[in-house]
Amino acid sequence: MSEQTLREPAFLVLTALAGEPQHGYSLVEDVLQLSGGRVKLHTGSLYAVLDRLREAGLIEVDREEIVDSRLRRYYRLTSAGAERLAAEAERMRVNARLATSRLRRLRPAAGTR
């Protein structure tokens, strides 16, 4: 994953993993909650995001366990992932501040129309 802007699903997966290591289903639920229900990751899209984040060194496998005869793999944020998440959050904060500043100029002054 290059230094290009993170797509929202990847940003939200990193955000979820900033809390604690999680497995796939837990990540799906956390991303859904973090996004206010807007981002619904399905199995294929989740594992595509996880694969890209792992290849970029932003996450790694924390541990694996067998639950109901199925492998459950937990992922955690790496230090590079935490740095990338922090940089992306800062970029978004600056952009939001700029947009807010410009929007204030559009609002008519109090009492005028």
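**Entry 1: the sheet**

In what order do the 3 strands form the open sheet, and is the pairing parallel or antiparallel? I looked this up in a predicted model, where local features need pLDDT of at least 70, side-chain atom pairs count only at pLDDT 80 or more, and totals for chains, interfaces and linings use all residues. Residues are numbered from 1 along each chain as its sequence is written, and side-chain values use heavy atoms, with hydrogens and water left out.

I read the order as β1-β3-β2, with antiparallel pairing. I noted what counts as a strand or helix: both are DSSP runs numbered from the N terminus, strands being E with at least two residues and helices H or I with at least four. Two strands pair if DSSP finds at least two bridges between them.

I then checked the edges. They are β1 (22–23) and β2 (59–67), and each pairs on one side only.

**Entry 2: bridges**

I followed β1 to β3 (residues 70–77) and found 2 bridges, with the strands running antiparallel. Q22 has Y75 as its bridge partner in β3. H23 has Y74.

Next I took β2 and β3. They pair over 8 bridges, in the antiparallel sense. I looked up two partners in β3: L77 for I59, and R72 for E65.

β2 and β3 also form a hairpin, with 2 residues between them. In the turn, D68 has a positive phi of about 50 degrees.

Helix α3 (residues 43–55) lies across β2 and β3 and runs at about 135 degrees to β2.

Two packed helices are described by the angle between their axes and the distance between the axes. The axes are lines fitted to C-alpha atoms, for helices over the stretch in contact, and angles run from 0 to 180 degrees between N-to-C directions. I kept the angle classes at hand: under 35 degrees is roughly parallel, over 145 roughly antiparallel, 65 to 115 roughly perpendicular, and the rest oblique. Contact means heavy atoms within 4.5 Å. For residue classes, Ala, Val, Leu, Ile, Met, Phe, Trp, Tyr, Cys and Pro are nonpolar, Asp, Glu, Lys and Arg are charged, and the others, Gly among them, are polar.

*With α2.* I found α1 and α2 (residues 24–34) packed at about 110 degrees, axes 9 Å apart. α1 is therefore roughly perpendicular to α2. L12, V13, T15, A16 and L17 of α1 touch L27, D30, V31 and L34 of α2. I read the classes as 7 nonpolar, 1 polar and 1 charged.

*With α3.* Here the angle is about 75 degrees, and the axes of α1 and α3 are 10 Å apart. So α1 is roughly perpendicular to α3. The contact joins P9, A10, V13 and L14 of α1 to L46, V49, L50 and L53 of α3. It has 8 nonpolar residues, no polar and no charged ones.

*With α4.* The axes of α1 (residues 8–17) and α4 (residues 79–106) come within 10 Å and cross at roughly 120 degrees. α1 and α4 are therefore oblique to each other. I listed F11, L14 and T15 in α1 against G81, L85, E88, A89 and M92 in α4. This contact has 5 nonpolar, 2 polar and 1 charged residues.

**Entry 3: confidence**

I looked up pLDDT last; it is the predictor's confidence in each residue, from 0 to 100. The protein chain averages 92, and 92% of the residues score at least 70.
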